[in-house]
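Trainee: I would like to learn how to read a few features of a protein model. Please take them one at a time.

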Amino acid sequence: MKVKPECLLCLFERGFKAGMTFAKGDYEKQVELAKKLMIFLINEFNFNQVPSWIGSQREKIVQKVLGINDPYKDLKIASNELAKEIWNKIKNELDFEKKDYEKFRRIFICAAVANSVEWFISGYDFSVDNFKQDLETAESKIALDETLSLWNDIQNSKSVLYILDNAGEAVIDLDVAKYLKNFIKHLFIAARENPVLNDITFNEAIELGFGEIADEVIPVGWFIGVHLDKEDLNPRFREVFDKVDLVIAKGMGAYESLSEYKFDKPVYVILKVKCNPVAENLGVPKGHYVIKKL
């Protein structure tokens, strides 16, 4: 998926809001960041760009100007704690022991709702109250539901690569990944190699417990989404991506990037649609959920 005109404003606004939040009160730092983001976007924004790739480069500017390697660290910790509190009240009702299609579908719908945990996207505000309600009533907002296709493909798969996205969301993904182990022999988990936005990093995925359930936890690379043709891609990730039978990738960045490629295996994206360009590209309403085979 390529950028739309609306992406230009969002790319700037998201970086600027990060500066306002993480350099609070330091007006000179905020203005310095704003100017550098403007210059970057003037030079680099064009209609051949993928939103998640240009957003990745923006985040490196944010980190450098603020002098903070992981600006979202405290927010990620808080997101994980919040998600645990809400999810622990809900997950016991799901009965993870059942292995039928209806239970499988319900659990993967929860995985889609988990992608709600996101910050600073233009025109999108994450709400704790809505998050709990959406987990309970999400079925009414599934706009693209290819869970049956996913179910069938998993029956024919021995190995799956599950690519994580945001903090908070990953708490729910941990139980989704555990459930997946009922159907496959080998499970690989992937997360960001270095901090970028509020995405879960490789080390944070290990801390959450993914290393205890996966054959291997693998760094993807230093970017948002999954960019298979970039130098930043971790070689081990590419090796596993190529050899597994099936790939599941979480988030809008995954859709924006992976939709640029053709695959000879089942590759699925699971996300909440949080912006108009992605909604238009998918042909679904903003605010709805998607489980889609690319």
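Mentor: We will go through a helix, a strand residue, a strand pair, a loop residue and a pocket.

Mentor: This is a predicted model, in which local features need pLDDT of at least 70 and side-chain atom pairs count only at pLDDT 80 or more, while totals for chains, interfaces and linings use all residues. Residues are numbered from 1 along each chain as its sequence is written, and side-chain values use heavy atoms, with hydrogens and water left out.

Trainee: Which residues of helix H7 are buried?

Mentor: Buried means under 20% relative accessible area, exposed over 50%, and partly exposed in between (1.4 Å probe, protein chains only). Helices (H or I, at least four residues) and strands (E, at least two) are DSSP runs, numbered from the N terminus. In H7, residues 147–155, the buried ones are Thr147, Leu150, Trp151, Asp153 and Ile154. Their packing partners include helix H5 (101–114), helix H8 (169–180) and strand E5 (246–250).

Trainee: Which residues does leucine 246 touch?

Mentor: Contact means heavy atoms within 4.5 Å. Leucine 246 lies in strand E5 and is buried, with a relative accessible area of 0%. Not counting residues up to four places away in sequence, its contacts include Leu150, Asp153 and Ile154, as well as Pro266 and Tyr268.

Trainee: How many bridges join strand E3 to strand E4?

Mentor: Two strands pair if DSSP finds at least two bridges between them. E3 (residues 186–191) and E4 (residues 216–219) run parallel and are joined by four bridges. Isoleucine 189 is opposite valine 217 of E4. From E3 the chain passes through H9 to E4, a right-handed β-α-β crossover; right-handed means that, with the strands pointing away from the viewer, the path from the first strand over the helix to the second runs clockwise.

Trainee: What is the phi of leucine 197?

Mentor: Most residues other than glycine have a negative phi. Leucine 197 has a positive value, near 50°. This leucine 197 is in the loop between E3 and H9 and is buried, with a relative accessible area of 4%.

Trainee: Which helices each supply at least two residues of the lining of the second largest pocket?

Mentor: On a 1 Å grid over the protein atoms alone, a pocket is an open set of points where a 1.4 Å probe fits, with protein on both sides within 12 Å along at least five of seven lines; lining residues have an atom within 4 Å of a point. The helices are H4 (73–90) and H9 (202–208), and H4 gives the largest share, six residues. Lys73, Asn80 and Glu204 are among the lining residues.
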